[in-house]
Amino acid sequence: MLPLEGLGPLLPEHLSELFVGIALFAIIWFVVAKKIVPLFEKTYAERTAAISGGLEKAEAAQREASAALEEYKAQLADARAEAAKIRDDARTQAAELAAEIKQQATDEAARLVETARVQLEAERSAVVRSLRSEIGGLATELAGKIVGESLADDERSRRSVERFLDELESQSAPAK
Amino acid sequence: MHPLRGLLVPLEGGGEFVPPNTYSFNSRPLFPSAGWEECHPHEGAAPASCADFVPTWTDAWLTNHVCQAAIAALVVIGFWLWVARNQRIVPGKRQFIGEWLYDFIRNGIARDVLGEEYRKYLPYLVALFTFILVNNLFGEFFLFMFPTFSKIGFPYGLAIMTFLLYNAAGIRKYGFGTYFKKMVLPPGVPWYVTWLIIPLEFLSNFIVRPFTLALRLFANLFAGHLVILVFVLGGAWLLEQKDSLFYNFSGGVSIAFSFAIFALEIFIGALQAYIFTVLTAQYVHSAIAEEH
């Protein structure tokens, strides 16, 4: 022990310091190793998991959202195309319908005109026929009275009346 | 009989100033045995009758400084248990304080120095840093006003632990022969200087490392505490002198200046805890590193 006396404060006053220091430190080391560090590391691991889990969840949500957006866009485009088609169809149909109605109207008008014409023709020929006989009779009778003799049953006079009427008719025909 | 009586005695005397010296760092038993007081006077030599004084085991083992170290250990363990319980993913204030300190050691020291293998040595470094830090701060706080590690026995103990740790780490990884060869003979040394390098490396890696660790920590705190004692005790002695205004004035300046020294000591205490921990990590790293 004597040579160590010269060390002064570099020599432990009591060896108890050395052993107690080591023992206390060993106890702290043990507690920290068995309890503290595992607790902290567990929290850190959970935190890392929570953060990366949250990120994954957010990514999934983003993917889902963009998929939904794509779908909506596609649906919208479909709807637009369909609307355009319907509009075109309607336009075409309307045009067709209009043309048809026009045609029908034209046809109807033509038919009406034709009917009227035929009727008029028939009436005219009936009037002509009755007038011919009536005017012939009247004219013959008038002529008989004028010349003083009856021309009623005379074949010749009837012929001349006919001729006269034909002439009249041929004159009036171009005017018709 | 206050444990700090040894520090306060010069004030009581009021006469001749007794400067603080190494005896100011002596421990006192919490329960001194009969005769201990007489044989451990604060000044001068012990009486001749003390030649055959045999201290009991409580005189050596239950001293104020041993007790202080035990309280420091309780504080450290209590602190870590307090901040580590009921941990949540989103930390509260209490957990945030714990994580701040834990991350400082984990990321700032262990992972920086040790790289991927830091996890295995992290508990040692956490325990080491906080134990030294609390003991060093005891020099400026609480009831003690005495840095535990200015008693050389404690730094020796921690240095022995670190010595065992880094050698065990190296031996476990490489086996004794390979590890020893790696430590005494760095690769790439020309053959003609091996006779010089091997003793130097052996001395450096196995002797100087633990001693410098212990001495650096001890000397910083010992010197710092001694400086504080000089300023506080000297200042108080000067303040007590009745017949000199100059003495009293310089005593006041000295006391005021001691506050600056206290602040410096807080910084040095934290710094020395950091250095001890970083060097321990560094030694472990050099023991397990692939390339020397």
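A residue is buried if 20 or more other C-beta atoms lie within 10 Å of its own, exposed if 12 or fewer, and partly exposed in between, with C-beta atoms placed from the backbone. This is a predicted model: local features need pLDDT of at least 70, side-chain atom pairs count only at pLDDT 80 or more, and totals for chains, interfaces and linings use all residues. Residues are numbered from 1 along each chain as its sequence is written, and chains are lettered from A in the order in which they are written.

**View 1. Helix 1 of chain A, end to end.** Helices are DSSP runs (H or I, at least four residues), numbered from the N terminus. Helix 1 of chain A covers residues 15-147, 133 residues in total. Its first and last C-alpha atoms are 190 Å apart, close to the expected 198 Å. That expected span is 1.5 Å times one less than the number of residues.

**View 2. The buried residues of helix 1.** Among the buried ones are S16(A), G21(A), F25(A), V32(A) and F40(A). Their cover includes helix 4 (64-84) and helix 7 (153-174) of chain B.

**View 3. Where the chains touch.** Two residues are in contact if their C-beta atoms, placed from the backbone, lie within 7 Å. Chain B gives 35 residues to the contact, and chain A gives 29. On the chain B side, helix 4 supplies the largest share, nine residues.

**View 4. L245(B) in helix 10.** L245(B) lies in helix 10 (residues 245-288) of chain B. L245(B) counts as exposed because it has 8 C-beta neighbours inside 10 Å.

Technical notes: Helix = DSSP H or I, 4+ residues; strand = E, 2+ residues; numbered from the N terminus.
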